[in-house]
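Dear colleague,

Please find below the sequence and the structure that I am handing over to you. My findings follow after them.

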Amino acid sequence: MKPTQLALALLVAVAPALRADEPSTPPLAPTRHSEIVARAVAFRLPRFHFSHQRLDGTLAERAFHNYLNSLDFDHTFFLQSDIDTFAEELDGLDRRLRAGDLRFAFDVFDVFRNRVKDRVAFAREVLEEPFDPASEDTWTLKRREAPWPQDAEDQDRVWRKKLRHQYLSHRIARELEAEKADADGEEGAEDAPAPLHTPQEAILRSLEQFRTVILGHDEEWVVQQYLDAFARAYDTHTNYMSARALEDFDIGMKLSLTGIGAVLSLDDGAAKVERLVPGGPADLDGRLQPGDRIIGVGQDDEDIVDTRFWPLYRTVRLIRGEVDSKVRLQVVPASDPTGATVSEISLVRDHIRLEERGARAEVRELPGGEDGVFRLGVITVPDFYSGRYDAEEGVEPRSSARDVRRLLEELRDKVDGVLLDLRNNGGGSLPEAVEMTRLFLPAGPVVQVKSPLEERLVVLGEEDAPFVYGGPVVVLVNRLSASASEILAAALQDHGRALVVGDSRTHGKGSVQTLIPLHPQSRDFGAVKVTTAGFFRVSGGSTQLRGVTPDIVVPSALDVMEIGEEYLPNVLPWSEIDPLEFKPLVPLADIATVLETGSRSRRERDARFTAYETLVGRLGERLRRETVPLDYELRLDLARRDRKVEELQEDVLRAASPAGLEDDDDAKPRADLILDEALNILRDYVGLLKPTETAASDPG
């Protein structure tokens, strides 16, 4: 079918759904500039990507689904007949992209805009109907894999359920807040003012917001979505950036930027927190967590703006601001898949504090040892930072490896063992990670880097490097330990130099991305961020997808959340290459078995850990929930049970998270159950090693 025929067929298909009171919206169209950009993207993706896969029908089909899902993420706007009509254009989409032909993207978007207008009009009618509390229906929480409605009648049925689900979420959330206020004995709870909007009004405002945002998108946005769909068809970390998106990326790389210190991605219409920047306001505050979704942003005491369905760059720009100014966020926690729980978090924008971001150390004392106490060093590395020399300021550049070397030199004669805490460390500088690894290794290698573009395999860490600490080491990780963190943990594990403790696996990001401009002299054409290389352990396996599996698993709440490479779409597979020649310093498998048995027994006897693991189990059940009832009484009962879990969560999960400070006592560190148990494991490890059997020779 030719493009003009497609546009006509789609117009005929959509026409019956349009309502008489809905004004037509002029269709968007690609420009000459965007056609040039499309050809440049089609040329660069297969040339520079790690896989060197040619842009063919297989990639085009992936891009096709990526694009449709980026528009209709819960499969409620398009009809199956729309999808069938679109699919007639699949054959040849790759060739059309190489020719700069983007008309398919705009034809599909035009259908989507009309479907959105129709559904918002339908919702207005349904929300005026009286609410019947009884229902035998259920709502599927995650509809990304659900079939599209078969026809208009099926779509109306799906939307009635969708609107009922949203109504119950709003109504019950308000009722639970009122119950909590009454139980807490808050003064004036009975006389508290009614919410500004009824549940029906709140739902309609959100839908009207979505409609306004969709109808307000311009040509550049459509091109961004479509070309990024092709980029992500190669892998989840490969992206196309329009000129506007590239500008925001450049801003994000500058240390002078002020904001809250959170890395965000777009997830089902909301800005999802991927990770927190160490030393940033959100990290230091402690309330905003990875996996949380930001749905509203306000400045100081101004009204909060609903940011659902906004392009990510617009939400990010609203969050940024002047130093010492306040930003207020409406947040749906990661622990609530229904989206009913909304909290407000106020943060004061600030620069990233290097002193907070830097590695730090402390000495913890545990009972045992020859003099009745084991002294264990804890070194926390928030990320693998590296700085440049600032001639104007005259400030020596920061280096995570140099900082850890200094800390080890201060600790090594004072402690019996060292715990390296890499939880929540999303990576950073590869050279810093290699150099830091060698502080614990008398000899390399550390990691293999395979780059098909350069047609070579690079082995890092074989050169002479300072060896500082040869005593027992435990590396503590979690699901947010990624990239460079995984390289260090894997190398020390493979060399038999350290025991790895933590979640069932690390994040699983074993790839390198390179930013490639589409034009050598102008940034107006944007760029592609392309996966160009992969990391491989010295034992041959990749850290991609599988991450690093700890020797002893002590799971955190992150382990039951959908956090990690395996939960992302279009991920690169795990692979392996030939291992390097090396000999582990100490065979740790038998030692790990003994230590794991002791750890499990200790946790079973610890009432705090029992309560914590029970709560994590309940949280996991909640997050794995696929459907919720649409009957009012059943839903209210479910919500009350969830609320009890949330009430336990605040106390118990905070006691098992990386340590911060209690709100009411700045001098009192928060409990950290996971760290405490990792230190117990390190203590047992030290006790198993005789002085003549240290893991590596003392460097002196």
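**Findings**

Among contacts in the protein between residues at least 6 apart in sequence, 76% join residues at least 24 apart. Please note that the model is a predicted one. Its secondary structure comes to 20 helices and 21 strands, and buried residues make up 52% of the 700 residues in the protein.

**Helix H16**

Helix H16 covers residues 484-494, and eleven of its eleven residues are buried, so the helix is largely enclosed by the rest of the structure. The buried residues include the charged-side-chain positions Glu-486 and Asp-494, as well as Ile-487, Leu-488 and Leu-492. The cover over these buried residues includes helix H15 (430-438). It also includes the strands E11 (417-421), E12 (447-451), E14 (473-477), E15 (499-502) and E17 (527-536). Just after H16, Gly-496 takes a positive phi of about 65 degrees.

**Helix packing**

Two packed helices are described by the angle between their axes and the distance between the axes.

The axes of helix H2 (residues 32-48) and helix H9 (residues 219-234) come within 11 Å and cross at roughly 10 degrees. An angle under 35 degrees counts as roughly parallel, which means that H2 is roughly parallel to H9. On the H2 side, the residues that meet H9 are Ser-34, Val-37, Ala-38, Val-41, Leu-45 and Pro-46. Their counterparts in H9 are Glu-219, Val-223, Leu-227, Phe-230, Ala-231 and Tyr-234. By class, this contact has ten nonpolar residues, one polar and one charged.

Helix H17 (residues 589-605) takes part in the other two pairs. Its axis and that of helix H18 (residues 607-623) come within 5 Å and cross at roughly 90 degrees, and H17 is therefore roughly perpendicular to H18. Arg-603, Glu-604 and Arg-605 of H17 meet Ala-607, Phe-609, Thr-610 and Glu-613 of H18. The contact of H17 with H18 has two nonpolar, one polar and four charged residues.

With helix H20 (residues 673-688), the axis of H17 comes within 10 Å and crosses at roughly 135 degrees. H17 is therefore oblique to H20, and the crossing is right-handed. H17 contributes Ile-591, Val-594, Leu-595, Ser-599, Arg-602 and Arg-603 to the contact. From H20 come Glu-677, Asn-680, Ile-681, Arg-683, Asp-684, Tyr-685 and Leu-688. The residues of this contact divide into six nonpolar, two polar and five charged.

**The hairpin of E9 and E10**

Strand E9 (residues 360-367) and strand E10 (residues 373-380) run antiparallel and are joined by eight bridges. Ala-361 stands opposite Ile-379 in E10. The hairpin has five residues between the strands, and in it Gly-368 takes a positive phi near 130 degrees.

**Thr-212**

Finally, Thr-212 lies in helix H8 (residues 199-216). Is Thr-212 buried or exposed? Its relative accessible area is 54%, and exposed means over 50%, so Thr-212 is exposed. The C-alpha atoms of Thr-212 and Lys-117 are separated by 9.5 Å, while the two residues are 95 residues apart along the chain.

Yours sincerely

Key: Residues numbered from 1 in each chain as written. Predicted model: local features only at pLDDT ≥ 70, side-chain atom pairs only at ≥ 80, totals over all residues. Heavy atoms only, no water. Axes fitted to C-alpha atoms, helices over the stretch in contact; angles between N-to-C directions. Helix = DSSP H or I, 4+ residues; strand = E, 2+ residues; numbered from the N terminus. Parallel < 35°, antiparallel > 145°, perpendicular 65-115°, else oblique. Left-handed = near helix turned anticlockwise from the far one by under 90°. Contact = heavy atoms within 4.5 Å. Pairing = 2+ DSSP bridges. Buried < 20%, exposed > 50% of the residue type's maximum accessible area, 1.4 Å probe, protein only.
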